[in-house]
Amino acid sequence: MERICISDTDWPRIVIIGGGFAGLSLIRELRGKRVQVVLIDRNNFNQFQPLLYQVATSGLEPDSIVFPFRKQIANAKNIIFRMADVERIIPESKTVLTDKGAIEYDYLVIATGTKTNYFGIKNIEKHALGLKNILDSLNIRHQMLQNLELAAITCDLEEKDALTNFVIVGGGPAGVEMAGALAEFRKYILPKDYPEYPYSIMKVYLVEGSGRLLPSMSEKASSNTLEYLKALEVEVILDEIVLDYEDNLVTTKSGRQLIAKNLIWTAGVKGQLPNGINKNHIVGGNRLKTNSYLEVEGLEGVFAIGDIAAVITSSTPNGHPQVAQTAIQQGKLLAVNLMNSINNKALLPFQYKDKGSLPTIGKRRAVADIGRFKFAGYLAWLLWSLVHIFSIIGFRNRLLVGINWAISYFSYEKSNRIIVRKYNPSNDR
Ligand SMILES: Cc1cc2nc3c(=O)[nH]c(=O)nc-3n(C[C@H](O)[C@H](O)[C@H](O)COP(=O)(O)OP(=O)(O)OC[C@H]3O[C@@H](n4cnc5c(N)ncnc54)[C@H](O)[C@@H]3O)c2cc1C
């Protein structure tokens with residue numbers, strides 16, 4: 001296989017696969033250090049996953065939540081970006097094989113995150129829409145806008161229902177935020193854009209397998225979320241497992257059937273691991289097992305961080321939560337550990353600092369579990385807005401998001417709802 005062209009160096013080469021929260025946090029800390037850093041990602045941009053649902057529901061333009069890597073690493077002479085899809089890792093020869101060529105490493109950092117887990121349900125994998133990246137958001141957005149137009153054309157009432165109904169599976173933060181945004185779309189946008197529709201059209205169902213929404217948060221957060229979603233007329237179905245999806249019918253374990261042409265799947269993720277890693281290193285959820293120093297033990301020079309990594313210790317038998325803070329904190333620590341390893345110093349163990357959870361439900365309401373402080377409503381939403389605006393990469397993006405939010409705060413208006421690319425699943429899967 002051809003080599004990817006990269007200048008020779010006397011410095012140790014650190015290859016990082018994946019420029020998500022984890023990869024970028026590591027890169028920031030390695031800027032200007034005496035190492036050659038090569039970032040490989042299949043996209044030429046970083047994406048801000050927490051706001052994907054807003055792009056999907058026409059709240060934000062895709063451009064405002066993605067940031068190009070080349071802009072990110074401008075002026076950092078020791079950092080190189082190559083756009084490629086990593087297919088295989090060969091630890092024995094310290095080589096990474098990509099769809100564009102091979103590259104050798106002294107240290108390898110796997111930060112490839114996760115992908116949607118459909119749990120092997122073929123019909124759902126084929127017809128449902130995931131919410132993991134910007135392409136998924138655009139698929140949801142275009143399918144939704146197309147189906148709303150088709151619903152205006154047909155006089156068949158059952159078909160109208162199917163075209164406008166949404167079933168969201170998974171009552172975690174992504175599902176809850178998506179349900180809230182869709183319900184607000186129905187409340188504020190639908191009557192303006194489609195005055196011909198009756199009020200009862202576009203039902204939003206949220207199906208959760210456990211007995212409460214946001215099962216990883218406090219009981220208080222769950223009950224507040226349920227109350228907020230009910231106020232937005234979302235039909236929440238708890239203790240229910242979705243088993244199949246055929247002929248526009250979502251079938252659940254208890255035999256219930258929901259008619260919808262829009263099925264959004266946020267019910268699970270699994271690690272997206274390139275080939276070549278022995279299965280001894282892989283634990284539940286297709287995650288890479290690391291020690292507390294973030295090393296994949298037994299693979300010399302290989303480390304893992306972020307969603308793909310499970311730091312397994314006696315106090316964390318299942319690893320840490322797969323959230324942005326874990327990824328960012330691991331990226332920062334790994335920069336120290338890589339430099340310590342190069343300089344023959346001791347490595348430091350990872351200690352997670354839980355900064356809390358803060359999902360939003362529609363506009364002006366959120367629920368917050370921050371340490372022992374558990375609160376909900378407008379104040380939580382204000383905090384949510386501040387945290388997210390400051391977490392977005394790039395001044396221009398922050399400005400764009402801020403302006404969009406300010407407009408929609410006062411007018412409930414969203415971005416222009418234009419169909420620029422026909423949604424055709426066969427193009428994307
Ligand atoms: C809809 C949604 C909402 C979320 N909301 C929140 C939230 O509000 N708060 C929170 O804390 N967390 C949230 N999360 C979780 C958070 O986004 C993840 O924990 C975080 O993105 C993990 O970072 P990462 O760097 O490990 O992986 P990612 O951010 O997923 O980055 C992985 C990168 O690897 C690249 N990649 C993968 N495989 C390859 C390959 N083979 N070759 C080349 N490149 C590859 C991808 O292109 C990507 O750039 C949300 C997640 C989703 C999906």
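Let's start with cysteine 5, which is exposed at 66% relative accessibility. For that word, buried is under 20% relative accessible area, exposed is over 50%, and partly exposed is in between (1.4 Å probe, protein chains only). This is a predicted model, in which local features need pLDDT of at least 70 and side-chain atom pairs count only at pLDDT 80 or more, while totals for chains, interfaces and linings use all residues. Residues are numbered from 1 along each chain as its sequence is written, and side-chain values use heavy atoms, leaving out hydrogens and water.

| Residue | Relative accessible area | Class |
|---|---|---|
| Cysteine 5 | 66% | exposed |
| Cysteine 155 | 75% | exposed |
| Phenylalanine 375 | 25% | partly exposed |

What about disulfides, meaning pairs of cysteine sulfur atoms within 2.5 Å? The whole structure has 0 of them.

Now for a sheet. Strands are DSSP runs of E, at least two residues, numbered from the N terminus, and two of them pair if DSSP finds at least two bridges between them. S20 runs antiparallel to S21 (residues 287-290), joined by 2 bridges; isoleucine 282 has leucine 288 in S21 as its bridge partner.

Back to phenylalanine 375, which sits in strand S25 (residues 373-377). Leaving aside residues up to four places away in sequence, phenylalanine 375 touches Lys220, Val367, Ala368, Ile370, Ala380 and Leu383, where contact means heavy atoms within 4.5 Å. Between the C-alpha atoms of phenylalanine 375 and leucine 358, 17 residues apart along the chain, there are 9.7 Å.

Conventions. Helices (H or I, at least four residues) and strands (E, at least two) are DSSP runs, numbered from the N terminus. A disulfide is a pair of cysteine sulfur atoms within 2.5 Å.
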